[in-house]
Amino acid sequence: MEGPGAATGRRLLVLGAGPAQLGLLAAARERGLFVIALDRDPAAPGFRYADRRAIISTEDEQGIERLAAAERVEGLIAPGIDWPVGIAARVADKMGLAHPLSPAAAALAVSKQRQRELLAQAGVPQPRWQLARMAEEGLPVPAVVKAPDRQGQKGLTLVRSEEELPGAIAAAIEESRSGVALVEEVVDGPEVTVNAFSLRGEYHPLTVTDRLTAEPPAFGVALAHVWPSEAGGKAAEVAESAVKALGIEDGPTYTQLRVGPEGPQVIEVAARLGGGHDAELVKLALGVDLNGLALQAALGESIWSAALHPSPQVGGAVVRFLVPPEGTLKEVEGVEEARAVDGVQDVRVYRVPGHVFGPFRRGADRAGAVLAAGDSREEALERAEEAARLIRFEVGAESLV
Ligand SMILES: Nc1ncnc2c1ncn2[C@@H]1O[C@H](COP(=O)(O)OP(=O)(O)OP(=O)(O)O)[C@@H](O)[C@H]1O
Ligand SMILES: [Mg+2]
């Protein structure tokens, strides 16, 4: 049977060409789409899959609008970053292009604050929260303090004591587009991710994965996604209620939850593919071509629900991220050896020599990822670990002064 995939030759604008877009860009190239990719970083690794590249920020809405018109694109997609999800929906709407998300739904999806409000109205389980415009008295501690409209742990702090609060609030406000900080109860428990696809209002959950995260100072940074989940429980049901509460009726979603003593609580929903090679993990685990489906949705092509039927392919599957040492990258060694490890499906290295790795704090500080499968989640994890051990980032210190 032919997998899903958008028709050859159609012109697609992809917002972002960084690590989070690699899978979708590769899939678009494989299908023979005409891909125009944009990123402000000329060294973005995804540019290698593009037919045309534009050095434009993924947040430059006017620039993106001009480019989309000049290139006569037939669809836009922001597969891996939040803010541009809103831009893609607005530009598609202005151009009269079919798009899975309405501008209104996209605007909700890119605000953690609007999400909190809507989830509260709909009674979806989530941490208690409040807004802060300054380091006020009486805010609860411990808390997770974050910017309501950023991602990738920008402005995000786990606050463990009163003394840490003012600095955390100032950091969140500094990163925030709206000048407020979101202060949330800490949900204590394992974390899971639900990757799903909505079709004409129906929610189709695909993978539920355990998200293994780093401790402070890199609090919240994903180190691995592991399938099948051990902690998941009712996560898919809760994710469905969240996605529906936000009015998302079509296209991919990525929902983060933490499973506390009262069950899964929604951390947030993203109205896009996951940024950690989640679509490739879905394909490896369940045989569902999530990148192909996202491409079709972005181009307004009709999708059959049969394409969403999961059929387990392996016993376990893992995305394991690579954490580099600090310094200026000179060389990456061991990639071929890592690829040769049993069950390793792919190895992705995000950076080229000359890149400066700072201290490990955020998702953007990760250096690559290994995608591996096995007969069980344990075997997939062991194989991913073995591959990761073989990959060495040789760094020098000269540019770190
Ligand atoms: N209220 C909370 N309770 C417990 N952990 C939390 C809470 N909020 C955030 N976290 C942790 O921080 C991580 C990132 O949170 P969030 O998604 O809100 O920020 P982000 O900047 O969008 O990060 P990312 O880009 O990784 O999704 C979560 O995956 C989780 O590990
Ligand atoms: Mg998030």
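Tutor: Let's start with a term: two strands pair if DSSP finds at least two bridges between them. Keep in mind that this is a predicted model.

Student: What makes strand E11 and strand E14 a pair?

Tutor: Strand E11 (residues 222-227) and strand E14 (residues 316-322) are linked by 4 bridges in the antiparallel sense. The cut-off is at least two bridges, so E11 and E14 count as paired. Within this pairing, Ala-224 faces Arg-320 of E14.

Student: Which strands are called edge strands in the open sheet of 8 strands?

Tutor: The order is E13-E12-E9-E10-E11-E14-E18-E16, with antiparallel pairing. Strand E13 (263-270) and strand E16 (344-349) are the edges, each pairing on one side only. On average, neighbouring strands are turned by 25° against each other, direction ignored.

Student: Which strands does helix H7 touch?

Tutor: Helix H7 (residues 235-245) packs on the sheet and touches E9, E10, E12 and E13, with its direction at about 120° to that of E10. Helix H8 (residues 278-286) lies across several strands, including E11, E14 and E16, and runs at about 105° to E10.

Student: Now a side chain: why is Lys-112 called buried?

Tutor: Lys-112, found in helix H5 (residues 112-122), has 11% relative accessibility. Buried means under 20%, so Lys-112 counts as buried.

Student: What makes the link between the side chains of Lys-112 and Glu-268 a polar contact?

Tutor: Their distance is 2.8 Å, and the cut-off for a pair of N or O atoms is within 3.5 Å, so the pair qualifies. Leaving aside neighbours within four places in sequence, Lys-112 is also in contact with residues including Lys-146, Pro-148 and Leu-182.

Technical notes
Residues are numbered from 1 along each chain as its sequence is written. Chains are lettered from A and ligands numbered from 1 in the order in which they are written. This is a predicted model: local features need pLDDT of at least 70, side-chain atom pairs count only at pLDDT 80 or more; totals for chains, interfaces and linings use all residues. Side-chain values use heavy atoms; hydrogens and water are left out. Axes are lines fitted to C-alpha atoms, for helices over the stretch in contact, and angles run from 0 to 180 degrees between N-to-C directions. Contact means heavy atoms within 4.5 Å. Buried means under 20% relative accessible area, exposed over 50%, partly exposed in between (1.4 Å probe, protein chains only). A polar contact is a pair of N or O atoms within 3.5 Å; within protein, one must be able to donate a hydrogen and the other to accept it, and residues adjacent in sequence count only if both atoms are side-chain atoms.
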